[in-house]
Amino acid sequence: EPLTVANPFLGTATVAVAPAVNLSGSTDFDPNRFADQMASELGFADRITVIPVSRVLGALAVQGKDQVTSREQALELAELVGADAILVFAVTEYDAFDPPRIGITAQLFGAMPWHGLGDPPESQAGGQSGQLLAQTQRVFSGANADVVQEIKGFAALRDADESPFGWRRYVVSQQHFMRFCCHATIRSLLSGDRSVVVARGSGSGR
C-alpha cells in the first residue's frame with residue numbers, strides 16, 4: 001500500500017505550496033521543481049487537496065513577486081489561489097553528493113478554523129485572519145544513521161524494490177533524496193506538534 005501521511009492536525013483542507021526560497025548558496029536545484037516535489041508528496045497526505053505550484057506561480061506574478069517573503073504575503077497568496085493554508089519553505093543547505101545533505105525550514109500559514117487539539121498558537125492571538133499553524137526545521141544528512149533508518153522505511157513502503165539500488169536509490173539520486181526530505185518535512189508539519197521541530201539527526205553528522 002502506498003505510504004500515506006497521517007493528518008491528525010489540519011483535517012480536510014486545500015493547501016498551496018510556494019516555490020522554494022534558496023538560502024543555501026547552491027545553484028544546483030530549481031526552486032520551482034523542488035516545490036513541485038513538495039506538492040507531490042503533500043498529495044499523499046490524508047484529506048489534503050493540493051493546489052498545483054503552477055497556479056501559485058501565476059498568483060505570485062500577479063503580486064509582482066517570485067517568492068514569498070512575509071506572512072502577510074503568504075496569506076494573501078493563499079487567498080488568491082483559494083487555499084485554506086499555504087506551505088512556505090526555504091532550502092538552507094544543499095549538497096547533492098553522496099552522502100547528500102539538504103536543510104529545509106518550512107512553515108504552514110493559514111486562515112482556517114483551528115482543527116488541531118488544544119488552543120491556537122499564542123503568538124497569533126489577537127484576531128488576525130491568518131496565523132502560523134506549524135513550522136519545522138531540519139537538516140537531512142545521508143551520513144546520519146537516524147536519517148538512513150527513515151529512508152529505509154520510506155523506501156520499503158514506496159517503491160525501492162523497482163530499482164537495482166533498492167533503498168539506496170533515495171541516497172544516490174538527488175531527486176529521490178529531495179523527495180524523501182519533502183515527505184519527512186510534510187509528515188512533521190502535519191503531526192500536530194506546534195513547537196519548532198528540530199528533529200534528531202540535525203547535527204553535523206558528516
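In strand S6, Arg101 finds its bridge partner in Ser141. Strands here are DSSP E runs of at least two residues and helices are H or I runs of at least four, numbered from the N terminus. This is a predicted model, with local features needing pLDDT of at least 70 and side-chain atom pairs counting only at pLDDT 80 or more, while totals for chains, interfaces and linings use all residues. Residue numbers start from 1 along each chain as its sequence is written, and side-chain values use heavy atoms, leaving out hydrogens and water.

| Pair | Residues of the partner | Sense | Bridges |
|---|---|---|---|
| S4 and S5 | S4: residues 85-95 | antiparallel | 10 bridges |
| S5 and S6 | S6: residues 131-141 | antiparallel | 10 bridges |

On the S4 side, Tyr94 sits opposite Ile102 of S5, and a hairpin of five residues links the two strands. S5 itself, residues 101-110, is mostly covered, with eight of its 10 residues buried. Buried means under 20% relative accessible area, exposed over 50%, and partly exposed in between (1.4 Å probe, protein chains only).

Zooming out, the chain has six helices and seven strands, and from the N terminus they go β-β-α-β-α-α-β-β-β-α-α-α-β. Of its 206 residues, 49% are buried. Taking contacts (heavy atoms within 4.5 Å) with a separation of 6 or more, 70% come from residues 24 or more positions apart. As for the surface, the chain exposes about 9600 Å², 50% of it from carbon and sulfur atoms.

Methods. Accessible areas come from the Shrake-Rupley method with a 1.4 Å probe; for residues, only the protein chains shown count as cover. Two strands pair if DSSP finds at least two bridges between them.
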